[in-house]
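Please open the model in your viewer and keep the selection panel at hand. We will go through it one stop at a time.

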Amino acid sequence: MMTETLTLGKALNVGLRRSLEADDKVLIMGEDVGKLGGVFRITDGLQKDFGEDRVIDTPLAESGIIGTAVGLAIRGYRPVCEIQFDGFVYPAYDQIVSQVAKMTYRSRGKVKMPIVIRIPFGGGIGAVEHHSESPEAYFAHTAGLKVVSCSNPNDAYWMIQQAVASDDPIVFLEPKRRYWEKGEVDTDATAPSFPLHSARVVRPGTDCTVVAYGPMVRTALDAATAVDGERSLEVIDLRSLSPLDLGPVYESVRRTGRLIVVHEAPSNLGMGAEVAARVTEHCFYSLEAPVLRVTGFNTPYPAARVEEEYLPDLDRVLDGVDRTFGW
């Protein structure tokens, strides 16, 4: 096995390159994705190598980007749309919910929507208003859409290729604060190790299960490291938010008896609520304590200078661990 050390952002770039090479119906489109290579440089060099007909700089019009992608998908193309920042997706929300999510169902499967909507999401980079959001629950709640989030470079490399190859519309959430974190990527393999819509145990443990996704997986792993020797935390990366793959979570909770769900989005009607409800339903007699959530507060993302007070951090996750052992 040959691996390369890549940042998460570079892994996405290489994965997109592989997708463009594999299928000439794959197009990348979005604001500044071409000549600039994207505001986070995820598409750097792709327009130069594949041309302006396949890596397309669009006007500043998110609804237009997604609407155009719908037409392209109907005509047999596989558009990959970049929404420059999470908070910019809302003008396109009508197109995503009314068209992208429903077209295949409305046509009884005759019309496929192989559209990938890439969204850098979450906080942690000190950005201004509308540049740090966690909109995942809106999309996971929408029937007809699939929603995934990578948390490390190897997953980023493989998951973006799997998403582009899928015939389903997929919202692909990229943890923007993790773009520069490095990891080993198996670029030599011919197939991914895990199906796209599968959860994965990223650190085995025996005392308490911690479930996270996207940017919070690293925080959960840091918490597990911090208490190592005192308590053994099992960390699970959901990877797919819709559909959810909770089999590994059930199996883990039946062993540990405790569950903490961590995400940046507010707790109210967030992903943690769905995970908690399903685990309570399936693992009730195994639970030694209520399922706890460690999340962002039920307020809009604050100004950058107080962002660190809002985002779940190591201390808040460890406080959740202490609370679950207090029952």
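Helix 8 and helix 12 are oblique to each other, a word kept for angles that are not under 35 degrees (roughly parallel), over 145 (roughly antiparallel) or 65 to 115 (roughly perpendicular). Helices (H or I, at least four residues) and strands (E, at least two) are DSSP runs, numbered from the N terminus. This is a predicted model, in which local features need pLDDT of at least 70, side-chain atom pairs count only at pLDDT 80 or more, and totals for chains, interfaces and linings use all residues. Residues are numbered from 1 along each chain as its sequence is written, and side-chain values use heavy atoms, with hydrogens and water left out.

Select residues 216-226 for helix 8 and 314-325 for helix 12, whose axes come within 9 Å and cross at roughly 60 degrees, with axes fitted to C-alpha atoms, for helices over the stretch in contact, and angles running from 0 to 180 degrees between N-to-C directions. Now show T219, D222, A223 and A226 of helix 8 with L314, V317 and L318 of helix 12, which make the contact (heavy atoms within 4.5 Å).

Next, find the open sheet of 5 strands, ordered 9-11-10-13-14 with mixed pairing, where two strands pair if DSSP finds at least two bridges between them. Strand 9 (200-203) and strand 14 (292-296) stand at the edges, each with a single partner strand, so one side of each has no neighbour in the sheet.

Finally, select strand 13 (residues 259-266), which runs parallel to strand 14 and is joined to it by 5 bridges; P266 has G296 of strand 14 as its bridge partner.
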